[in-house]
Amino acid sequence: MRTGSTTGTIRTRRTVRAAAAVVATGLALTLGGCGGDDDGGGAETVPDEKPVTVDLPKLDGETLEIAAVWTGAEQKNFKQVLAEFEKRTGAKVTFVPAQDPIINFLGSKIAGGKPPDLALLPQPGAVKQAVERGWAKPLGAAAAKELAENYSQGWQDIGKVDGKSYGVYYKAANKSLIWYNNQVFENAGAAEPKTWDELLTAARTVYDSGVTPFSIGGADGWTLTDWFENIYLSQAGPEKYDQLAAHEIKWTDPSVKEALTTLAEIWGKQEYLAGGAKGALQTEFPASVTQTFTGGDQPKAGMVYEGDFVQVNIGETKAEVGTDAKVFPFPAVGDSAPVVSGGDAAVILNDSKAAQALATFLASPDAATVHARLGGYLSPNKAVEMSAYPNDVQREMAQALIEAGDDFRFDMSDQAPQAFGGTPGKGEWKALQDFLNDPRDVAGTQAKLEADAAAAYGD
Amino acid sequence: MASTAAAGTPPGPAAPRSRKSVTGTRRAVAALFLLPALVLLGALVVYPIGYSVIRSFYDQSGDGFAGFDNYEALFTDDGIRTALKNNIIWVVFAPTVATALGLVFAVLTERVRWGTAFKLVVFMPMAISMLAAGIIFRLVYDQDPEKGVANAVWVGVHDTFAQSSAFPKAHPGRESPLRAAGGGAFVTKEPVRAGTPVALPLVGVAPDQLPDGAGKAAAPKAEPGKVTGTTWQDFTRGKGVGTLNGVDGTEVGYGGMRIEAVKDGKVVASATAAGDGTFTLPAEADGALLRLPGDNFEEAYNGLDWLGPALVTPAVIGSYVWMWAGFAMVLIAAGLAGVPRELLEAARVDGAGEWQVFRRITVPMLAPVLAVVTVTLMINVLKVFDLVFIIAPGSSQDDANVLALELYRKGFSEDQPGIASAISVFLLLLVIPVMWFNVRRLRREVRR
């Protein structure tokens, strides 16, 4: 189980939050006729020619190491991308499995004098830290060229530190999605909501039909911070979001109070949460997904909020993504719906011709296309053909991400110092868990958040 | 560590005054033989301890000298204070409970014919790694009675004494004539009149959870001089509400629902709905408010919150006892074998009861063994980590925190190696007196 939650943790970090005005289209994710196969597996159905857009040097006899926190199918699929690189250049690439938080893992590797050549860092903060400590090496001309050609300005910018490009955002996640059990919605006669009020109505309708509306994986604090961030982004707007992420405004700000109060409209109703608040606090993320999509007409809950990676967990149930399990974008709380995303940036730690070539390859649509075909992967690379994605659900999520353009925001808790935004039982995770337990205590939660934030940001 | 050191150095204290010892070995030769052990101990024990002590005086990055700042953090940080408090609870309860249970098992199994088989079973958890035991107990304590055996038992016991109700999730729908009245009950907003049929629509009971007696709902019929009405589920699966607050052909009556007529806080009449949801109250109910009492809606009992903030530490200690009671039992049973039978027999002949024999003879004779077992477990408990790390869910890990876990969290996820080193030094200081006690006792045993 620990494994489950760790994987989850890893995922949040990856979160890119594409915020935004965006996405009327992408958000309209009408998943109507998606008879798509679920993630993975679908590769064979897509024409299998691999695009060649980037020139790579011959690297026969060279060896490279690349570290990432990916496990399971994610790791397996990425190794196929590495295999493609090996085939084209003749270099030998080894995947180094890292633990979370990867920055500490790299720290011990570097202290030991043998860092991997590249690493995939899941937070912009980690890229910054790697640069400050002198570990990361700037991208060369070839990689920079690919980056400029294939990525929107916003994605290029979050890979930069002090104006220099260090990170190639190879993988992205869309974290503004609510997944629902289609059978439950049909039984209840509920419709996909577009606004927060419609979401409350849908929840009420589902509840009236005898099914608990929401499943929350509250044992993992990061699912709770993601809830909050979506609401805050949509309600307070991107500027405030950026300020709060940088701790330029305090957590005692009225905008935070408003967001928490809004959140309490759902979290405050014991009967809306599977198992009540206490049950939710002991439900880990994977279980929060599976309990929504098992149990036939009577699942433990009708909806579950989280990013595109939810489909990996749906894959563990008998439900089919696109028919039994459907998804709608996180509804607009304020003027526009939030689009929140996350991502992993490839960073060079050991500068060499081969390392630069791999970074260039990862910035090219060639690598992303290979990975996209395998499913369970979204690329922020706008040069990737939408046809490369194996099913409609994936395609629409990728489309939304690309269309968000520069209007995305990175997961706030991923931007925060680890002690505040990324430690089980501490900081923001713990404060929101306490809030879920007692949603009336808005002021107390704000005070606790502010105290923890002040300590973690060091001001 | 201590025992290794003790085993490695016996030649030391017996150092001969002359250059040659009794066996005729030179000091140089002795040193040569000691060298591998010393190098290993130095590299694996002394150096890490020394470095941790040094590191604990430096700041987070390891570049600046921080004095006692890290130690100050040790006693001001809330997380560490909780960990300290929990460690004390652990050290007090876990070893004593495990030893007491072990003693009981050891004494009892001695008398049973299948004692060895029983001992084997009790000892078995020791063969499982802490990690696996943690995963097992994570499931044992699962909140859902369908999964967690602890709650399954608890709920089973509870439900034999208290029945759950038929309509647990029923609640008034939109624009309902009912309102919540506290204690889970619902009451009509307006008083009812005899001869005017009353509608008591509710929603929210899943169709497959309706009681067997429930049939299609019938619209209430007026009866002069009596209060009549229907209580039913104003919702059909897949069709929605239909006529709001009106009975539709597909809707189901709440057969078995209890209805009370209340005037000025007093129940003047009551009835139980028939299978089609209809009910009839006598004329006294005229002008009263109709109440659906809370016991209609009581949620199924969901058991204890084992891994919630309040119970998580005792729950984890329970799993520790499950693992280590067997260890205590085996050591105590070995000690018991050394207790002279004739003493027990003599006491029995003198007319002592079994309890007296146990209390006055067995326990005092076993005291040294009991002390060793308790102290060994204490050292073991001070460094407990895996069980807490695995069993406590993220939401209550803070409440279940112990020093070793806090050390890990500070060192590896919060990137605070200075504070983590300080915690480790502090733990070492805590273990030393206990260790010293054990070593001294061992020496005394040897002398004897």
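**Entry 1: a strand pair in chain A**

I looked up A:Trp179 and found it opposite A:Val327 in strand E10 of chain A. I kept in mind that this is a predicted model, in which local features need pLDDT of at least 70, side-chain atom pairs count only at pLDDT 80 or more, and totals for chains, interfaces and linings use all residues. Residues are numbered from 1 along each chain as its sequence is written, while chains are lettered from A and ligands numbered from 1 in the order in which they are written.

E10(A) covers residues 325–329, and strand E7 of chain A covers residues 177–181; the two pair in the antiparallel sense over five bridges. Strands count as paired here if DSSP finds at least two bridges between them. The strands (E, at least two residues) and helices (H or I, at least four) are DSSP runs, numbered from the N terminus.

Next I asked how covered E10(A) is: five of its five residues are buried. Buried means that 20 or more other C-beta atoms lie within 10 Å of the residue's own (exposed is 12 or fewer, partly exposed is in between), with C-beta atoms placed from the backbone. In a regular strand the side chains alternate between the two faces of the sheet. On one side of E10(A) I noted A:Ala325, A:Val327 and A:Pro329, and on the other A:Lys326 and A:Phe328.

**Entry 2: the cores**

I then turned to the largest nonpolar core, which has 148 residues. Such a core is a set of buried Ala, Val, Leu, Ile, Met, Phe, Trp, Tyr and Cys residues joined through C-beta atoms within 7 Å. Among the residues that touch the most other members are A:Leu118, A:Val347 and A:Leu358. Domain 1 (42–174 + 341–410) and domain 2 (177–336 + 416–459) of chain A both give residues to this core, so the core lies between them. The domain bounds come from an automatic or database domain assignment.

Leaving aside neighbours within four places in sequence, A:Leu118 is in contact with residues including A:Ile66, A:Ala346 and A:Ala359. Contact means C-beta atoms, placed from the backbone, within 7 Å. Another core, of 57 residues, lies apart from the largest one and includes B:Ile317 and B:Phe389.

**Entry 3: a helix in chain A**

In helix H5 of chain A (residues 124–132) I found buried residues including A:Pro124, A:Val127 and A:Gln129. A:Gly134 follows H5(A) and has a positive phi, near 80°.

**Entry 4: chain B**

Chain B is divided into domain 1 (60–153 + 306–447) and domain 2 (178–296). Their C-alpha centres lie 57 Å apart.

Strand E4 of chain B (residues 227–233) has seven of its seven residues buried. Which strands flank E4(B) in my notes? Strand E3 of chain B (residues 198–202) runs parallel to E4(B), joined by five bridges, and strand E7 of chain B (residues 278–281) runs antiparallel, joined by four. I saw B:Pro201 opposite B:Trp232 and B:Gly229 opposite B:Phe279.

UniProt, in an unreviewed entry, places a "transmembrane region" at spans of chain B including 88–108 and 120–141. Such annotations may be inferred rather than shown by experiment. Residues 88–108 of chain B are 100% helix, with end C-alpha atoms 30 Å apart; residues 120–141 are 68% helix, with ends 25 Å apart.

**Entry 5: confidence**

Chain B averages a pLDDT of 86, where pLDDT is the predictor's confidence in each residue, from 0 to 100. Over residues 1–16 of chain B, pLDDT stays under 50. The model scores ipTM 0.71 and pTM 0.77.

Key: Two residues are in contact if their C-beta atoms, placed from the backbone, lie within 7 Å.
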